[in-house]
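I opened this entry to keep track of what I looked up, and in what order. The structure goes in first, then my notes.

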Amino acid sequence: MVQDLSEAKLGINRIVGGERSNSNYYPALLKASFSRSGAAVQENKVSGITKETYKYTPKRTFSFPFGRTTSVTDAGDGSAKTVLKDVDELDVYRFCLNDIKSPTNEDNVPSSVSYEAEVFKTDSADKALETGTTVPTITVS
């Protein structure tokens with residue numbers, strides 16, 4: 001589908017088993033939606049909220065996890081990035097977005113592309129309560 005996106009461009013470095021060491025980490029995601037091949041446009045679909053009719057084309061959405069890499073250009077000035085600490089998520093997102101929006105096969109142009117930032121989630125309050133405490137302790141310095 002998106003043949004020009006490689007693991008190197010996306011900044012993916014597979015460490016077998018290591019990706020499970022922090023279950024609270026979720027990588028940045030590039031999400032692209034494509035029309036399903038052979039899907040027929042549904043002309044008179046009714047909105048559950050507005051009760052108005054609209055046209056709908058079934059789609060498939062794919063998520064591409066990504067991280068920092070030195071094979072990108074700066075999103076601001078277009079310069080080549082060679083030092084990993086100088087690269088941020090948006091540099092990689094915008095660099096890979098060009099490949100997704102300009103595929104070698106015109107049938108593979110996405111109808112939409114979105115971005116989700118990487119997240120380090122903290123334990124929920126419910127989990128803290130399960131350990132026997134009634135109120136989580138928070139320290140602000």
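**Surface and overall build**

I started with the accessible surface of the protein, which comes to about 10400 Å². Carbon and sulfur atoms account for 50% of that surface. The model is a predicted one, so I checked confidence before going further. The average pLDDT is 76, and 71% of the residues score at least 70. Confidence is highest in strand S4, residues 53-56, at 91. It is lowest in helix H3, residues 125-130, at a mean of 53.

Next I went through the secondary structure. I find three helices and seven strands. Along the sequence they follow the pattern α-β-β-β-β-β-α-β-β-α. The protein has 141 residues, and 21% of them are buried. I also looked up contact range. Among contacts between residues at least 6 apart in sequence, 63% join residues at least 24 apart.

**The core**

Which residues have the most contacts inside the largest nonpolar core? They are Leu 5, Leu 30, Phe 64 and Phe 66, in a core of 15 residues. Strand S2 (28-35), strand S5 (59-66) and helix H2 (89-101) each supply at least two residues of this core. H2 gives the most, with five residues.

I then followed Leu 30. Setting aside its neighbours within four places in sequence, I list its contacts as Leu 5, Phe 62, Ser 63, Phe 64, Phe 66, Tyr 93, Cys 96, Ile 100, Val 113 and Ser 114.

I stayed in S2 for one more residue, Ser 33. Is Ser 33 buried or exposed? It counts as buried because its relative accessibility is 11%, under the 20% cut-off. Beyond four places in sequence, Ser 33 touches Lys 59, Arg 60, Thr 61, Pro 110, Ser 111 and Ser 112.

**Helix H2**

I checked the length of H2. The helix has 13 residues and reaches 18 Å from its first C-alpha to its last. That is close to the 18 Å expected at 1.5 Å a residue. Its buried residues are Glu 89, Asp 91, Val 92, Tyr 93, Cys 96, Leu 97, Asp 99 and Ile 100.

What caps the N-terminal end of H2? I find Asp 88 there, with a side-chain oxygen 3.1 Å from the backbone nitrogen of Leu 90.

**Two lysines in loops**

Lys 81 lies in the loop between S5 and H2. I looked up its accessibility: Lys 81 counts as buried because the relative value is 15%. A polar contact of 3.3 Å joins its side chain to that of Asp 74. Leaving out residues up to four places away in sequence, Lys 81 touches Thr 70, Val 72, Thr 73, Asp 74, Asp 86, Val 87 and Asp 91. I took one distance here. Lys 81 and Asp 91 are ten residues apart in sequence and 9.1 Å apart in space, C-alpha to C-alpha.

My last stop was Lys 51, in the loop between strand S3 (42-46) and S4. Lys 51 has a positive phi of about 65°, although it is not a glycine. Is Lys 51 buried or exposed? Lys 51 counts as exposed because its relative accessibility is 58%, over the 50% cut-off.

Key:
Residues are numbered from 1 along each chain as its sequence is written. This is a predicted model: local features need pLDDT of at least 70, side-chain atom pairs count only at pLDDT 80 or more; totals for chains, interfaces and linings use all residues. Side-chain values use heavy atoms; hydrogens and water are left out. A nonpolar core is a set of buried Ala, Val, Leu, Ile, Met, Phe, Trp, Tyr and Cys residues joined through side-chain atoms within 4.5 Å. Buried means under 20% relative accessible area, exposed over 50%, partly exposed in between (1.4 Å probe, protein chains only). Helices (H or I, at least four residues) and strands (E, at least two) are DSSP runs, numbered from the N terminus. Contact means heavy atoms within 4.5 Å. pLDDT is the predictor's confidence in each residue, from 0 to 100. The expected span of a helix is 1.5 Å times one less than its number of residues. A polar contact is a pair of N or O atoms within 3.5 Å; within protein, one must be able to donate a hydrogen and the other to accept it, and residues adjacent in sequence count only if both atoms are side-chain atoms. Accessible areas come from the Shrake-Rupley method with a 1.4 Å probe; for residues, only the protein chains shown count as cover.
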